[in-house]
Amino acid sequence: MDSLYPESYEASRARFLRDVEPLRAKWAWSRLERHPLKNFPDLSIDWLWAEPAQKETLIIVSTGEHGIEGYIGSPMLKIFMDEFAPRIDEQNTGLLLVHAINPWGMKHNRKVNENNVDLNRNFVYEGTFDPENNPFFLRLRRLIAPEYAVGSFGLETMMFTARVIWAIITMGTAALTYAAVLGQYAAPKAMYYGGTKHEEETLVMMDLLRKALKNYQTVIHLDMHSGYGPRYLMSITVVPAEPWNSAQLRDKFNYPLVLRGDHKEFYAIQGDITDYLYRIRTEEFPDKHVFACAFEFGTYGESLLARLRTLRTMIFESQLHWHGAKDKQTARKICEEFSELYIPAEQKWRKKAIADARRAFEGILSAYGSLCR
């Protein structure tokens, strides 16, 4: 099982470049492309276009938008390439497989890119990166974006817990969630920062998504993520723009957990890549059909305590990056927790994640008639 989970960005990339070759032989029109990062030319976004004779449907599988989550996306991409791509009709269905949207983050075990931008808050469509978009973040900035070195882990955890309890009492759990995860454009040295402009990696993906909609009648986009939701059941999450409701999609895909990305079922996001695909479809390609979702592999769990632990881990990691820690033991503990939040080491978890991915791939691709055998 561990052989599916790569130990480094370089190992993951090398495997992807190797494993696309059988697919290139299956699709007569295929090309492997890459975008080296401007400031780090040894790191690149890599993708395969596999083009059918009749461009009816395109299946996109993308990984590593949140860099460290690429270590979960990589095995799911390999499973798709090894087990599902061979069952797809190459006459009318194409592939766009994207390895490591955020290669810098994957290389350095960070969720963000080199500019501390969360790319899944950076896909803003024809709008402004408004620093006042998240008023709850502005009110809770001292909690979410502390500007000092992390002290001893135990003491800092106690102080964090006290502040969170006060925030919940005074503002409510929903406001705290909104403040933390919606995305914010006011604090460049805090988590979930969406930036001031479209990032280099974002522009690459925007171009690929436009090409997809321009050339295909139906586009199915499956984006790999980890961190939130039940520990042993991957969530298929869709944006509010998706016309089918969660119950309908559960039945359609024969998958037990489908959630809408809003404050009622999951959590709301601004600048999300899957929402961006629906937006450009609606505004620029209204005659095309789209289904886009995230595979969200939960790690800590979904209880209130688990969510608070997730928030603490995210805050401490950002705080450590920008301001350091007062002792090496605390720094090591923070890094270990951050890794566990996005790449759990437990064999039971890893095995179940693979099983859930297989079931979701089977259900979605079957529902759209993309599997021929």
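My entries on one strand and then on the salt bridges follow.

**Ground rules.** I am reading a predicted model, in which local features need pLDDT of at least 70 and side-chain atom pairs count only at pLDDT 80 or more, while totals for chains, interfaces and linings use all residues. I number residues from 1 along each chain as its sequence is written, and my side-chain values use heavy atoms, with hydrogens and water left out.

**Entry 1: strand 2.** I began with strand 2, which covers residues 44–51. Helices (H or I, at least four residues) and strands (E, at least two) are DSSP runs, numbered from the N terminus. How many of the eight residues in strand 2 are buried? I found eight of eight, so to speak a mostly covered strand. Buried means under 20% relative accessible area, exposed over 50%, and partly exposed in between, with a 1.4 Å probe and protein chains only.

I then checked which way the side chains go. In a regular strand they alternate between the two faces of the sheet. Here Ser-44, Asp-46, Leu-48 and Ala-50 point one way, and Ile-45, Trp-47, Trp-49 and Glu-51 point the other way.

**Entry 2: its neighbours.** I looked up pairing next; two strands pair if DSSP finds at least two bridges between them. Strand 1 (residues 29–36) runs antiparallel to strand 2, and eight bridges join them.

**Entry 3: salt bridges.** How many salt bridges does the structure hold? I count 24, each a side-chain nitrogen of Lys or Arg within 4 Å of a carboxyl oxygen of Asp or Glu.

Glu-10 and Lys-107 meet at 2.6 Å, N to O. Glu-10 sits in helix 1 (residues 9–19) and Lys-107 in helix 4 (residues 103–107), so this pair ties together parts 97 residues apart in sequence. Glu-10 is partly exposed at 36%, and Lys-107 is partly exposed at 35%.

Back at Arg-31, I found its side chain in a salt bridge with Glu-33 (2.9 Å, N to O). Arg-31 is partly exposed at 35%, and Glu-33 is partly exposed at 25%.

Lys-211 and Asp-207 form a salt bridge at 3.2 Å, N to O. Both lie in helix 9 (residues 200–215), four residues apart, about one turn of the helix. I also noted a network: salt bridges with shared partners join Arg-18, Asp-19, Lys-78 and Asp-82.
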